[in-house]
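These are my notebook entries on one protein model.

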Amino acid sequence: MGRKKGLPEFEETAPDGFDPANPYKDPVAMVEMREHIVREKWIQIEKAKILREKVKWCYRVEGVNHYQKCRHLVQNYLDSTRGVGWGKDHRPVSLHGPKPEAVEAE
């Protein structure tokens, strides 16, 4: 028994024939779009899990200095968890993405 040569390749872009205004026009494109959305959500969830593990490790290693030393990891983790999950699609778009950056008044 050996390893199979090559891995299955997945299309990383959205399907070309999908029309968001009329999704039922092309059922194959609709299913491909659904699979694309699910795959992207899983990727976001796994990235958030990896960042969470890095935050745990940093807290454990840095001890009482974790407020200063792990701040960038915590910020990356919080940004990666915004809008990630399965029940977030019905929420307003303003709640999905990362927090808007504060614009300094000149």
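This is a predicted model: local features need pLDDT of at least 70, side-chain atom pairs count only at pLDDT 80 or more; totals for chains, interfaces and linings use all residues.

Entry 1, Ile-45. Helices here are DSSP runs of H or I of at least four residues, strands are runs of E of at least two, and both are numbered from the N terminus. Ile-45 is buried, with a relative accessible area of 15%. Buried means under 20% relative accessible area, exposed means over 50%, and partly exposed lies in between (1.4 Å probe, protein chains only). I then noted that the C-alpha atoms of Ile-45 and Ser-80 are separated by 8.4 Å, although the two residues are 35 residues apart along the chain.

Residues are numbered from 1 along each chain as its sequence is written, and side-chain values use heavy atoms, with hydrogens and water left out.

With 37% relative accessibility, Gln-44 counts as partly exposed. Its C-alpha atom is separated by 9.4 Å from that of Gly-83, which is 39 residues apart from Gln-44 along the chain.

I found Met-33 in helix H1, and Met-33 is buried at a relative accessible area of 18%. Leaving aside residues up to four places away in sequence, Met-33 touches Ala-14, Pro-15 and Phe-18; contact means heavy atoms within 4.5 Å. The C-alpha atoms of Met-33 and Asp-16 are separated by 9.3 Å, at 17 residues apart along the chain.

Which residues of H1 are buried? Among them I listed Ala-29, Met-30, His-36, Lys-41, Ala-48, Leu-51, Val-55 and Cys-58. The buried residues of H1 pack against helix H2 (66-69) and H3. I also checked the length of H1: its 36 residues should span 52 Å at 1.5 Å a residue, and the end C-alpha atoms are 53 Å apart, which agrees. The expected span is 1.5 Å times one less than the number of residues. Just after H1, Gly-63 takes a positive phi of about 65 degrees.

How do the axes of H1 and H3 cross? The axes of H1 (residues 27-62) and H3 (residues 71-81) come within 9 Å and cross at roughly 155 degrees. Axes are lines fitted to C-alpha atoms, for helices over the stretch in contact, and angles run from 0 to 180 degrees between N-to-C directions. H1 and H3 are therefore roughly antiparallel, the term for angles over 145 degrees. I noted that residues of H1, including Leu-51, Val-55 and Tyr-59, meet residues of H3, including Leu-73, Tyr-77 and Ser-80. The residues of this contact divide into eight nonpolar, three polar and two charged. Ala, Val, Leu, Ile, Met, Phe, Trp, Tyr, Cys and Pro count as nonpolar, Asp, Glu, Lys and Arg as charged, and the others, Gly among them, as polar.

I recorded three helices and zero strands. Of the 106 residues, 17% count as buried.

Conventions:
Angles under 35 degrees count as roughly parallel, over 145 as roughly antiparallel, 65 to 115 as roughly perpendicular and the rest as oblique.
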